[in-house]
Amino acid sequence: CLVGQRISDMPKFFNDESEIDEEHNTIALTQQKTGSRAIIPLMPLAKEIISKYKNKEIKYYRDDNSAVNGYLKEVAKQAGLNESITFEEKGVKQTKPLHSLIHTHTARHTFITIMCRKNVSKEVLIIATGHDDKVYLHLSAKDKAKKVAEAFNEANKTEEQSSTVLVPPINNLESLKMSIQNLEEELKGFNNIKQERESSEE
């Protein structure tokens, strides 16, 4: 939710496979799946967690992704995320408890949702999530870090000036909990996107 990366790349934040740019307050890594370079804005809570667990064994990042998803569902269940969610998949309506729909990739989509609600542009999201886009091939790592930092800072500045805060700044565990409460809406949107992709592939 805080860095928008795949589960396969998460250990890189805690070993020597990521680089922090103190000038722009970003962190960069090369993604395992695509080889793309992602440059991510460092939120205060993310920075705190990375610092706390730097160069320590992260026991819950296992090779078996299904096991990690099982743990996440159990944690979500114990946290009370048990509301019934009705959604449509492959033309069939289903109803399941919210905790059963949560998996590792939910965090990546939640990060994108948070950034979109902060009005961070698609162009900056492409850099932060490591999606390929030929428009940015000419930019250096420093250029990209600067672009991400400026967009994120501007989003936070605008949010602070606004009387209506759609997404609270994620500075502590309480604000993270508030962001997690947006999962119902995020999951519905994700399922709609998934259906659209499946329809286009057919």
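A: Let's start with Glu-19, which is exposed because its relative accessible area is 51%, and the cut-off for exposed is over 50%. Keep in mind that this is a predicted model. The side chain of Glu-19 forms a salt bridge with that of Arg-37, at 3.2 Å from N to O. Arg-37 has 32% relative accessibility, so Arg-37 counts as partly exposed.

Next comes the pair of Lys-47 and Glu-22, whose side chains meet in a salt bridge at 3.7 Å, again given from N to O. Here too, distant parts of the chain are linked: Lys-47 lies in helix 1 (residues 44-53), while Glu-22 is found in the loop between strand 1 and strand 2 (26-30), and the two are 25 residues apart. Glu-22 counts as exposed because its relative accessibility is 56%. Lys-47 is partly exposed, since its relative accessible area is 33%.

That leaves Lys-12 and Asp-9, with side chains joined in a salt bridge at 3.3 Å, N to O. Both Lys-12 and Asp-9 are buried, and buried means under 20% relative accessible area. For the overall tally, searching the whole structure turns up 3 salt bridges.

Notes. Residues numbered from 1 in each chain as written. Predicted model: local features only at pLDDT ≥ 70, side-chain atom pairs only at ≥ 80, totals over all residues. Heavy atoms only, no water. Salt bridge = Lys/Arg side-chain N within 4 Å of Asp/Glu carboxyl O. Buried < 20%, exposed > 50% of the residue type's maximum accessible area, 1.4 Å probe, protein only. Helix = DSSP H or I, 4+ residues; strand = E, 2+ residues; numbered from the N terminus.
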